[in-house]
Protein chains: 2
Amino acid sequence: MVDVTPHLSTLLHAPLDHLQTHLLAHQADIERWLRLQWQDTPAPFYASVDLRNAGFKLAPVDTNLFPAGFNNLNASSIPLAIQAVQSAIERLNISARNILLIPENHTRNLFYLESVATLRDILQKAGYQVRIGSLLPDLQTPQAFTLPSKQSLLLEPLIRDDDCLVVKDFVPCLVLLNNDLSLGRPPILEYLHQQIVPPLHVGWSSRLKSSYFNIYSQVAKEFSEQIDIDPWLIDPQFRNCGEINFMKKEGYECLADNVDALLSVIQRKYSEYNVPHEPFVIVKADAGSYGMGVMTVHNGEEILALNRKQRTRMSSTKEGQKISQVILQEGVYTFETWGPKKAVAEPVVYMIDHFVVGGFYRVHTTRGINENLNAPGMHFEPLAFINSCITPDKNMAVDADPNRFYAYGVIARLALLAAARELN
Amino acid sequence: MVDVTPHLSTLLHAPLDHLQTHLLAHQADIERWLRLQWQDTPAPFYASVDLRNAGFKLAPVDTNLFPAGFNNLNASSIPLAIQAVQSAIERLNISARNILLIPENHTRNLFYLESVATLRDILQKAGYQVRIGSLLPDLQTPQAFTLPSKQSLLLEPLIRDDDCLVVKDFVPCLVLLNNDLSLGRPPILEYLHQQIVPPLHVGWSSRLKSSYFNIYSQVAKEFSEQIDIDPWLIDPQFRNCGEINFMKKEGYECLADNVDALLSVIQRKYSEYNVPHEPFVIVKADAGSYGMGVMTVHNGEEILALNRKQRTRMSSTKEGQKISQVILQEGVYTFETWGPKKAVAEPVVYMIDHFVVGGFYRVHTTRGINENLNAPGMHFEPLAFINSCITPDKNMAVDADPNRFYAYGVIARLALLAAARELN
């Protein structure tokens, strides 16, 4: 078992110490506030949240409602995930017995298939019969895979039987989507008699990061009032523009202007907190990304000076989907590093229902502290089992691992709450 | 971390293999059946169940609704316990913030106080403010303890304020009993405005093991029909008599006759399954025990031949409470041994709400396979973290650790269900 935890290497951590002190001091209030929030707006079935910890700021930068990467969780997270799945499904459908899992169509991505196999195991261990139905258009017969982990996986063709979705000899009570619907809502999933979670309208075909972060800002504001902190400490600022076409350079002026405006806002905050770093902005597709179509910029002119290759890269995302809208998001440095080579790392937190079940670090050995790490060359380091994100300890230092990971669990749940409000 | 698991040393394990095979094959049905049961009869707040595994039989022999021993759980069980507490209290009182924990009055039993401290930590980490109010009659001011584990504990005097139970400057929303009320229902806890869990009527002042095991037999019967097994494999037979007085030898004939009748029933089952062992009966107090007032007998005559010392030992239990009723329970051999010296061991399973959160082995180096192990000289060995009782694995052998512990979790939950029915 890996027992390493990343090192937070920054001289400026007073603002975050302040935040963590407040989180610990108000723990009972925070948890109560969150409980009441889940009562009003039930949490999505599951989610993963990418966080960035800059020492002076701790914020979510992406929330995935169709999480992959379950295979990267520490084995000791699995019982927590099993228990949370039991809670979640009891709430949805107490008499459910059969679950149909619908994954992405990435049949060549063995890492993804390992995640699907782990998710299937979690559901089975939680006490359900599970089969995997695939949206692959050319799948006529079941396709079996044996994964590098030795797990086997069977993708079966989906069959629509009147208002019921089935696979051969298996009628599910619940359909669990692990496909983010980037390509749109498949007709075979529409108007089902069975319950689909998450619901179809949460797919990337109908979601925008900018609307999500708008809701997140409101959540961060309400939460910050509860514990009396500056919401900026946990909330990445953002702007968005109208239609943009990188190839035709349409919408460029607006983009460049907004980059500069956002940088000014960030600079004012950096000055307030004496942050000795250069502000930056992340430009990314407003709908989905898979880490594709993401760019770091330090001033508006960089946009105007993009070369053809860069513009091509910003023009499409997963499965060749065109990018016509982007979100400009305040870049949040990550000052966490992994291992002796000080590879840049960012935490990813996993939640099922409203429970934080685990997480890991996304680590990249060749990317910088101001870059997107969700890119080829990344790898994952599970959190040690003691760092379960739900064991804060007031007897330890405010920046001790259990307390740092508790803070990650709180901020991740704020990101989850924003998703819950978006869903409802 | 201890990664040893006890050895099941018996040649006759076919009946249990049969049981475990059925449990694994029907896992989804079992879990669904249990979910529907919890809907009808919500689980008690918490419980621990002592199991005995004879290779040919796996049965609960005691169910504690005021569990101690939380300090014996593996550290990796704590996150599961925290998450289960969150589920349990959300269901009881979603807006609760303050919890008052009422422990036993054992101020000299440091092991027990360690358990109270661990339970307090679990509640705190689950997001609640926790204070400990003591029923000690002579406690006038708060009493602080520093435990061997370095944890500190503060026992505070209970104050009754109209229909509200408080400690100084702390009004709880929920009162959590960890005191089994062997001495009766304290008036200070009666007619409270606040919710008490478990409710007062579950205390040993009003409970009888024989009524409980009556309900358990019914649960075992219903469950066995679901998965088509002989209920005897999971159900210890029992008898009870009327009033008994060991010192005055009153009620002796009835006791001896019932021992013999019960032994005949067991012998018939042993013959049916070709069990090459001698049947035995455990005689114990029908109300509470703390492992006190417990005796192994192999025939009715042993009762009639008890000497004065033995009769004295059978006359009183915890805090000197007189024993006037006993339960005669089918003795279940334990064929599990711990370590190279083959110390006799029995599993104890912990549940919070309807979730199995962990367990440990009670180990005794000088007691036999047909004796009560809850006795001075026992010690505890935590289960390794991978053996969480909720991770059955159909790809592994039916008697592999995760499957054996899953079976323990199922039988423990049947015992929990019986308690739930008793409560309601």
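**Reading a helix, then an interface**

Analyst: In this predicted model, helix 4 of chain A (residues 110-125) has 16 residues, which at 1.5 Å a residue should span 22 Å, and because its end C-alpha atoms are 22 Å apart, the expectation and the model agree.

User: Is helix 4 of chain A mostly covered or mostly uncovered, and how many of its residues are buried?

Analyst: As a general idea, an α-helix has 3.6 residues a turn, so residues three or four places apart point the same way. In this case helix 4 of chain A is mostly covered, with 13 of its 16 residues buried.

User: What is found at the start of helix 4 of chain A, and which residue follows that helix?

Analyst: At the start, a side-chain oxygen of A:Asn109 comes to within 3.1 Å of the backbone nitrogen of A:Phe111. Helix 4 of chain A is followed by A:Gly127, which has a positive phi, near 105°.

User: Turning to the interface, how many residues does each chain give to the contact, and what area do chain B and chain A bury between them?

Analyst: Chain B gives 39 residues and chain A gives 39 residues, while the two chains bury about 3500 Å² between them, 56% of it on carbon and sulfur atoms.

User: How many salt bridges cross the interface of chain B and chain A?

Analyst: The rule finds 2 salt bridges there, one of them joining A:Asp29 to B:Arg97, with the closest N and O atoms 2.6 Å apart. On the side of chain B that touches chain A, the elements giving two or more residues are helix 2 (27-40), helix 3 (78-92), helix 4 (110-125) and strand 18 (355-364) of chain B. By class, that side of chain B has 18 nonpolar, 13 polar and 8 charged residues.

Note on methods
Residues are numbered from 1 along each chain as its sequence is written. Chains are lettered from A and ligands numbered from 1 in the order in which they are written. This is a predicted model: local features need pLDDT of at least 70, side-chain atom pairs count only at pLDDT 80 or more; totals for chains, interfaces and linings use all residues. Side-chain values use heavy atoms; hydrogens and water are left out. Contact means heavy atoms within 4.5 Å. Buried area is the accessible area (1.4 Å probe) that two parts lose on being put together, summed over both. A salt bridge is a side-chain nitrogen of Lys or Arg within 4 Å of a carboxyl oxygen of Asp or Glu. Helices (H or I, at least four residues) and strands (E, at least two) are DSSP runs, numbered from the N terminus. Ala, Val, Leu, Ile, Met, Phe, Trp, Tyr, Cys and Pro count as nonpolar, Asp, Glu, Lys and Arg as charged, and the others, Gly among them, as polar. The expected span of a helix is 1.5 Å times one less than its number of residues. Buried means under 20% relative accessible area, exposed over 50%, partly exposed in between (1.4 Å probe, protein chains only). A polar contact is a pair of N or O atoms within 3.5 Å; within protein, one must be able to donate a hydrogen and the other to accept it, and residues adjacent in sequence count only if both atoms are side-chain atoms.
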